[in-house]
4 protein chains.
Amino acid sequence: MKIGIIGLGRMGANIARRLMRDHHECVVFDKSADAVKGLEKDGATGAADVPGMIKALPTPRVVWVMLPSGKITEDTIEALAAIMESGDIIIDGGNSFYKDDIRRAETLKGRGLHYVDVGTSGGIWGIDRGYCMMIGGEADIVKHLDPIFKTLAPGIGAIDRTPHRDGHDQRAEHGYIHAGPVGAGHFVKMVHNGIEYGLMQAYAEGFDILRNKASADLPESQRYDLNLADISEVWRRGSVISSWLLDLTASALAKDEKLADFTGFVEDSGEGRWTIEAAIEEAVPAEVLTASLFARFRSRQDHTFGEKMLSAMRQGFGGHLEQGHTPVKKGD
Amino acid sequence: MKIGIIGLGRMGANIARRLMRDHHECVVFDKSADAVKGLEKDGATGAADVPGMIKALPTPRVVWVMLPSGKITEDTIEALAAIMESGDIIIDGGNSFYKDDIRRAETLKGRGLHYVDVGTSGGIWGIDRGYCMMIGGEADIVKHLDPIFKTLAPGIGAIDRTPHRDGHDQRAEHGYIHAGPVGAGHFVKMVHNGIEYGLMQAYAEGFDILRNKASADLPESQRYDLNLADISEVWRRGSVISSWLLDLTASALAKDEKLADFTGFVEDSGEGRWTIEAAIEEAVPAEVLTASLFARFRSRQDHTFGEKMLSAMRQGFGGHLEQGHTPVKKGD
Amino acid sequence: MKIGIIGLGRMGANIARRLMRDHHECVVFDKSADAVKGLEKDGATGAADVPGMIKALPTPRVVWVMLPSGKITEDTIEALAAIMESGDIIIDGGNSFYKDDIRRAETLKGRGLHYVDVGTSGGIWGIDRGYCMMIGGEADIVKHLDPIFKTLAPGIGAIDRTPHRDGHDQRAEHGYIHAGPVGAGHFVKMVHNGIEYGLMQAYAEGFDILRNKASADLPESQRYDLNLADISEVWRRGSVISSWLLDLTASALAKDEKLADFTGFVEDSGEGRWTIEAAIEEAVPAEVLTASLFARFRSRQDHTFGEKMLSAMRQGFGGHLEQGHTPVKKGD
Amino acid sequence: MKIGIIGLGRMGANIARRLMRDHHECVVFDKSADAVKGLEKDGATGAADVPGMIKALPTPRVVWVMLPSGKITEDTIEALAAIMESGDIIIDGGNSFYKDDIRRAETLKGRGLHYVDVGTSGGIWGIDRGYCMMIGGEADIVKHLDPIFKTLAPGIGAIDRTPHRDGHDQRAEHGYIHAGPVGAGHFVKMVHNGIEYGLMQAYAEGFDILRNKASADLPESQRYDLNLADISEVWRRGSVISSWLLDLTASALAKDEKLADFTGFVEDSGEGRWTIEAAIEEAVPAEVLTASLFARFRSRQDHTFGEKMLSAMRQGFGGHLEQGHTPVKKGD
């Protein structure tokens, strides 16, 4: 299939490459001319601008937008809509908010355009490992795009088959699903990321407890100086908590058990926040996913104002003087 | 009543003074001779050591121990037990762990001594406001000590009577209760402190949200620069969340709305921790009380090791580079 | 001042009565003719419909809307806007979302109308205790309405003055504040309610721990059968955690220590949810307020689907068979 | 190696079988004669009682105790200690509390006996997949037992090697580690289980959010009826959150997407609780692990007493009547 790709960052460029390896044709555009040139070397047709890309595509045109969510994605889709024709298809493969998908699809529908949202997981590893895709949109359009998804997905590979899968949609075993109508793809990807935060925080807390078991604040007879690299490695084999995130953790700890290259300033992105808002809208208790988000918020501050209030109250009722020293660098 | 008091810190000294104001006689001892002299000026009989205090008391002797919980309280009670006689009474008015009370009472019982645990709330304000007391021990012994408790308690005062109290134990309305057998007093006080942490954290988070509504990270049209001092003051009048902790908060914010004297390094004490352990033993979910304790743990660290792990994992799967800058000083 | 009031529920009717007691004149309307008649008996002028109310008011007209937040408030404000004249003032005293206030004020401004949002706390007790009010809007309009707010507010009363208040806005000590521009009143009230959830949950968890200390699951030597009514009463006197919510708790427990009239099905309203969303927008960690909201979500379900998943996983890796019996009725 | 095994439940029997498959000799005992007979069929030497087993073992004797933690393990170890001889080795392969290990080893040391604690993960799958083992004890004793551990461990298998492992202890890559002195094995296993709770709860909450996206309480345009079986399957391929727990989840959902065989009554065991206590002792914030434990506590109750208190307070300040109906069966 011949497809246009806008946005040649880490994800977009690798998606183009994986498609071309499987003999799809890519017409690519990025605001960085160097990024376009880089892909041309790998066999893509470079476009100088969005209209140029559109002209180079056969109808019905298919354009995959792979840009940061927010204004730039919004503007790009509007620009595409202005020049694309009835029957053409816009894919948003980024991390848009699913309610934006619903709104956009409604607008585009009025012009005869189709909109497909694809939640794409796989990070920098996807080019070789394949991309796990959660797709929202009209069933026939998603079916039309199947060759693209099949190529990008990991495929069945060496992973053990899940029992009882007979009779279920086979696409899931190949690493992509048609999750539902427009927005459903990004909604499922959003929850995926919410879970990701929770899993990461569970490991983080566990290793924090292991590491602080050597703390001088504990009675000497109850201290252990544990080897975190070996622990993460052993848990990869036969334990209940083996996972890909643990594989990555084991790799980081094998390289440097102290993680001295990191300060512990942790970003969050839209999906983690939207997941909690979805939980609230549905009245679903989601303690763990929320605590994971809040831990990241807290990690980016020196002290909260709330903590000062606690100190002020303690002085108020108990005359407790706050210790003057700076925070303990336990994380080091 | 004539009573011995060991430990003349903030709490012990004021308890002695409140007792003497109501014509009880106090024999006092503290390892600081100056502290003893200070109380002598207020009418107490100073003792040079523990045996000296014991000699100065009529039988059955009553000694109130008001020391930090832990080794010093333990040692003092052992020293008392060694020289006191059958029928004498030891009161632990500090913040001992209730399981230690049970153990101690068992030991003392073998020697004919009585043990009473008194959880005492009121902080530096107690001398005038009175002390709220939660008492554990044998009913007849607690009854024998009633004159002491009556004096120390706040009394009915100007506080509105609770409806439906007729037929209930009147001591509660005077500010003290016989909670149950040995340990029950400290257990109730322990949970009191656990709740205290939760209330404090609820206010702290709320004010944090108010304060950060002025954050430059928000769209300008959605920012408010709120006056926290006025807000805390107005909530004292007719709102659902009025409380003594709010009174103290209003006072701190009226003095300095930025709380610039505080860094936000917040201590915790045994009671908060033991409350969570009690919840776990009882299989009672106690999210709020636990989160309040953990917020204090976190406040005393620069970064957790867990946060570094999050950064390491993010780099592992997404190639995300951690922002190099130091934590945002949002608390300032 | 002569004022129109729309919505004569528990809050609206009592607001009208408190205003009339202080010699303001009220023109009232409610979709229930009985509610209107009830107020007429207390001295109000009843209106048959909204236009009738408007006609009965002098210019610049002041109308206080006291309806459930959402569609009915929205519709009422639109209906008012259609017939009111430049310079008139609409007060929304309900629990609207502050972003709706901002939007509405913008629209009304185009027609020369003023919009004031008043977060009102005080519940069923406000008629006698006074209402704590957090007000958003233009400073001169809020000033113009001062006689209304002064009457409704609790006033200084018998509550101890906060130290350091000299030089601060005196309205706060009377129980009302001008929090900021439009929306600020409801924003502050929203956070008030968020804190309220947190305080309530802190008490709830603490009493749960007290109550389950009698559980037969504990070793017999560690059980206490505590008197919750007396404990709540004693904490009202001199303890750090005394509050109005504790007063209400003491009253409920004095009436029936088992709370047998309640099942534990706990509603939540918009403010609690919006508070968490505000925290997320501001990247403020708010564990306690969120856990309090989630505890309510959970209270309204028999079992979550997530809990079934936990059981399924446990069977998957450990062959653990789920206990077949129905949930333990610990709350009884 | 010839080894005694006490306790032939799911774990103990399979451990014996895996050892015998690799040509170790097992002398086995269980209070159930049938269990012993079952193992005899697989080649083990059955013992009629503990002394009989001891007699059948060459010195220095090695006995692996695989019983539920608590009294039965304690009693068995005492019984062994009474008849074993200097130089003999007792292995506790169950889930004992690590502080009990420290105490026991101290006692046994006085009699010349060695104690080794082995945290064993692998559940019902271990016989084929191998057991992930975390070992505490004296280095030379652990080395002496290496043939046993090597056989039981999963080995390197087909799992990708972690980069940077050169120079680290190779045992970890084979699936077992010598974690440290006595107790360290069970401590690491304890934290493993704490993390396990957190991971499980993260998935549970995420799927709960997915499932309730079909809720009739949401606006119709924002509902999705998502296929949870396909979602869990697709996430196994190339997504960031792939894991063994997800494999098990996918299997359960493929079998029955509604999980109708489960009620959602979720047990917890000692390790999850001890992990939180360790976090508290170390002052490590562990929100996610704690919330996961509390979710299980809550799952086993109909309503908490705390929830009734919330309802009572709401009635107190707002006159809110609790909805009379029974909890919504959202989990169904």
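The model is predicted. The peptide bond leading from Thr59(C) into Pro60(C) is cis, and its omega is near -10°. Chain D has a cis peptide bond between Thr59(D) and Pro60(D), with omega about -10°. Pro60(D) lies in the loop between helix 3 (50-55) and strand 4 (62-65) of chain D.

His23(C) is not a glycine, yet its phi is positive, at about 75°. The residue occupies the loop between helix 1 (10-21) and strand 2 (25-29) of chain C. His23(C) has a relative accessibility of 69%. Exposed means over 50%, so His23(C) counts as exposed. In chain D, phi of His23(D) is near 75°, again a positive value in a residue other than glycine. His23(D) is placed in the loop between helix 1 (10-21) and strand 2 (25-29) of chain D. Its relative accessible area is 69%, and His23(D) is therefore exposed.

Two copies of a chain are related by a rotation about an axis and a shift along it. Here a rotation of 180°, with 0.0 Å of shift along its axis, places chain B on chain C with an RMSD of 0.0 Å. This is the relation of a two-fold axis. Ser243(B) is the residue of chain B that comes closest to the rotation axis, its C-alpha lying at 1.9 Å. Of the interface residues of chain B, 100% are also interface residues in chain C, so the copies meet through the same surface.

The pairing of chain A with chain D was treated separately. In this interface, 91 residues of chain A contact 91 residues of chain D. The two chains bury about 7700 Å² between them. Carbon and sulfur atoms carry 66% of that area. Ile209(A), Tyr224(A) and Arg237(A) supply 11% of the area that chain A buries against chain D, more than any other three residues. Polar terms are also present. The rule finds 36 residue pairs in polar contact across the interface of chain A and chain D, both members at pLDDT 80 or more. Helix 10 (residues 184-211) of chain A gives the most to the side of chain A that touches chain D, contributing 17 residues. Salt bridges between chain A and chain D number 2. Asp230(A) forms a salt bridge with Arg165(D), and the closest N and O atoms are 2.9 Å apart.

Nonpolar packing was then considered. In soluble globular proteins, nonpolar side chains tend to be buried together. The largest nonpolar core holds 240 residues. Within this core, Trp235(A), Trp235(B), Trp235(C) and Trp235(D) touch the most other members. Another core, of 34 residues, lies apart from the largest one. Its members include Ile3(B), Ala16(B), Cys26(B) and Trp64(B).

Asp268(A) lies in the loop between helix 12 (244-255) and helix 13 (270-282) of chain A. Its relative accessible area is 13%. The cut-off for buried is under 20%, so Asp268(A) is buried. The side chain of Asp268(A) makes polar contacts with two arginine side chains, Arg273(A) at 2.6 Å and Arg300(A) at 2.9 Å. Beyond four places in sequence, Asp268(A) touches Tyr197(A), Arg273(A), Leu293(A), Arg296(A), Phe297(A) and Arg300(A).

Thr290(A) belongs to helix 14 (residues 287-299) of chain A. It is buried, with a relative accessible area of 1%. Thr290(A) and Ile276(A) are 14 residues apart in sequence, and their C-alpha atoms are 6.3 Å apart in space.

Technical notes: Residues are numbered from 1 along each chain as its sequence is written. Chains are lettered from A and ligands numbered from 1 in the order in which they are written. This is a predicted model: local features need pLDDT of at least 70, side-chain atom pairs count only at pLDDT 80 or more; totals for chains, interfaces and linings use all residues. Side-chain values use heavy atoms; hydrogens and water are left out. A nonpolar core is a set of buried Ala, Val, Leu, Ile, Met, Phe, Trp, Tyr and Cys residues joined through side-chain atoms within 4.5 Å. Buried means under 20% relative accessible area, exposed over 50%, partly exposed in between (1.4 Å probe, protein chains only). Copies are superposed by least squares on the C-alpha atoms of residues with pLDDT of at least 70 in both. Contact means heavy atoms within 4.5 Å. Helices (H or I, at least four residues) and strands (E, at least two) are DSSP runs, numbered from the N terminus. Buried area is the accessible area (1.4 Å probe) that two parts lose on being put together, summed over both. A salt bridge is a side-chain nitrogen of Lys or Arg within 4 Å of a carboxyl oxygen of Asp or Glu. A polar contact is a pair of N or O atoms within 3.5 Å; within protein, one must be able to donate a hydrogen and the other to accept it, and residues adjacent in sequence count only if both atoms are side-chain atoms.
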